[in-house]
Amino acid sequence: MGFISDALNRIQPSATIAATQKARDLKALGRDVISLAAGEPDFDTPDNIKEAAIKAIREGKTKYTAVDGIPELKAAICAKFKRENNLDYGPQQAFVAPGGKPIIFNAMVATLNPGDEVIIPAPYWVSYPDIVLLAGGKPVPVETTLEDGFKLQPEALEKAITEKTKWLIFNSPSNPSGAAYSHDELKKLTDVLMKHPHVWILTDDMYEHLTYDGFKFATPAEVEPGLYERTLTMNGVSKAYAMTGWRIGYCAGPEPLIKAMTKVQSQSTSNPTSISQYAAVEALNGPQDFIPERAEVFKERRDLVVSMLNQASGLKCPTPEGAFYVYPSCAGCIGKQTTDGKVIETDEDFAMALIEAEGISVVHGAAFGLSPFFRISYATSTEELTDACERIQRFCASLR
């Protein structure tokens, strides 16, 4: 018998973390590398949030807290959902975890039994299927298309649902594609879900505040109140508030599910960091005016990257509605050879050849369940993005 568990053998390491680490390693060796792999804003955490954390330290708020979060943060979460999403939750329905990923993990571990199916639109965030596998469930990827804007179609959702389906994991705006669903597009999906009362919805709204061109964000339980009792609405402070390292995710949902998730967390991480929780209270309750200002910067970067990538031979890059990613097709490069004679047969080959030739780190599409594409994060400076895109253009032009 092997020492490593079967559960661990079912999963792969995070491809985004691996790509980011490879870029770090090459930089340490003196290579000129630009990493476009990490989903992390380059902006700093706002000063008022930092000060709230410092104040918490000085006031001695450094002890264990309730497993599922401090009352002040739960109140702020409920106020946020009411203010921005028209959703009414009480503190007993709110839950705080050390990041968004543990929320998904807690929910899946708390609810999945062997054979339970979880529908996951592809391209998907790399961790969704592996968390389902770790929890003993069966991920059911449903592919979307570039032509449909990488959005799940109601007919495809209907077809994927079986008597074994327990969850739909839904992400808008999407990591990796940046695709965001309008109210009308969501209504078509929620109409399908209303016909299947055994299916729960975990909606990952982490990029809610990063939308562009006047797009109006909506979340499933807001669009269809009939889904309220089987929806876990998840969000966090990482992206909009530039607090990735603070590790605070939050959600709200039916009280029995929240109690079950608390039970799991009590035996895993226990409470999120006390100091980060007090910082998150200030993030949610404090000034929000910097968010649209930063979103405008992201929009300008998006437009730059989309324009430059569409000028690269063999690439096709749609314009996403939100997040800070683009998901271009590299189909036009498949089958071509690099200058040293290597044939690009997959999007992983493309990504590997790109970093070797030009020092540009991206994440290949197969990691997100849909090929031949790759993901670029434009959460970095305009100067770096311009340089990176020029290198990508040069690389694509060199293929024969």
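# Briefing: helix packing, cysteines and selected buried residues

The buried residues of helix α10 pack against β2 (94-97), α5 (100-111), β5 (165-171), β6 (200-204), β7 (231-236) and β8 (249-252). The model is predicted.

**Helix α10**

- Helix α10 spans residues 255-266, which makes 12 residues. From its first C-alpha to its last, α10 reaches 16 Å, close to the 16 Å expected at 1.5 Å a residue.
- Leu257, Ile258, Met261, Thr262, Val264 and Gln265 are the buried residues of α10. Viewed down the helix axis, these buried residues fall within an arc of 160 degrees, so they line one face of α10.
- Pro256, Lys259 and Lys263 are exposed, and they sit on the face of α10 turned away from its buried side.

**Helix α3**

- Helix α3 covers residues 47-58 and has 12 residues. Its reach from first to last C-alpha is 16 Å, close to the 16 Å expected at 1.5 Å a residue.
- The residues Ile49, Ala52, Ala53 and Ala56 of α3 are buried. Seen down the axis of α3, they fall within an arc of 95 degrees, so they line one face of the helix.
- Helix α11 (274-285) is included in what covers the buried residues of α3.
- The face of α3 turned away from its buried side carries the exposed residues Asp47 and Arg58.
- Just after α3, Gly60 adopts a positive phi of about 75 degrees.

**Cysteines**

- The structure holds 0 disulfides. Cys333 is accordingly in no disulfide, and its nearest cysteine sulfur, that of Cys396, is 4.1 Å away. A disulfide requires the two sulfur atoms to lie within 2.5 Å.
- Cys333 is buried, with a relative accessible area of 0%.
- For Cys389, the closest cysteine sulfur is in Cys317, at 8.7 Å, which is too far for a bond. Cys389 also counts as buried, at 1% relative accessibility.

- Strand β12 (residues 374-377) pairs with β9 in the antiparallel sense over 2 bridges. Within this pairing, Tyr325 stands opposite Ser377 in β12.

**Thr219**

- Thr219 is located in the loop between β6 and α9 (220-223).
- The side chains of Thr219 and Asp205 are joined by a polar contact of 2.7 Å.
- Not counting residues up to four places away in sequence, Thr219 touches Asn85, Leu87, Leu186, Thr203, Asp205 and Thr233.

**Lys151**

- Lys151 lies in the loop between β4 (138-143) and α7 (154-160).
- The side chain of Lys151 reaches the backbone oxygen of Ala180 at 2.9 Å.
- Residues up to four places away in sequence aside, Lys151 touches Thr144, Ala179, Ala180, Tyr181, Glu185 and Glu321.

**Ala252**

- Ala252 belongs to strand β8, one of the elements against which the buried residues of α10 pack.
- Leaving aside neighbours within four places in sequence, Ala252 is in contact with Phe81, Tyr89, Gln93, Ala94, Thr231, Leu232, Thr233 and Ile258. Of these, Ile258 is a buried residue of α10.
- Ala252 and Asp32 are 220 residues apart in sequence. In space, their C-alpha atoms are 44 Å apart.

Notes: Residues numbered from 1 in each chain as written. Predicted model: local features only at pLDDT ≥ 70, side-chain atom pairs only at ≥ 80, totals over all residues. Heavy atoms only, no water. Helix = DSSP H or I, 4+ residues; strand = E, 2+ residues; numbered from the N terminus. Expected span 1.5 Å × (residues − 1). Buried < 20%, exposed > 50% of the residue type's maximum accessible area, 1.4 Å probe, protein only. Arc of directions from axis to C-beta. Contact = heavy atoms within 4.5 Å. Pairing = 2+ DSSP bridges. Polar contact = N/O pair within 3.5 Å; in protein donor to acceptor, adjacent residues only side chain to side chain.
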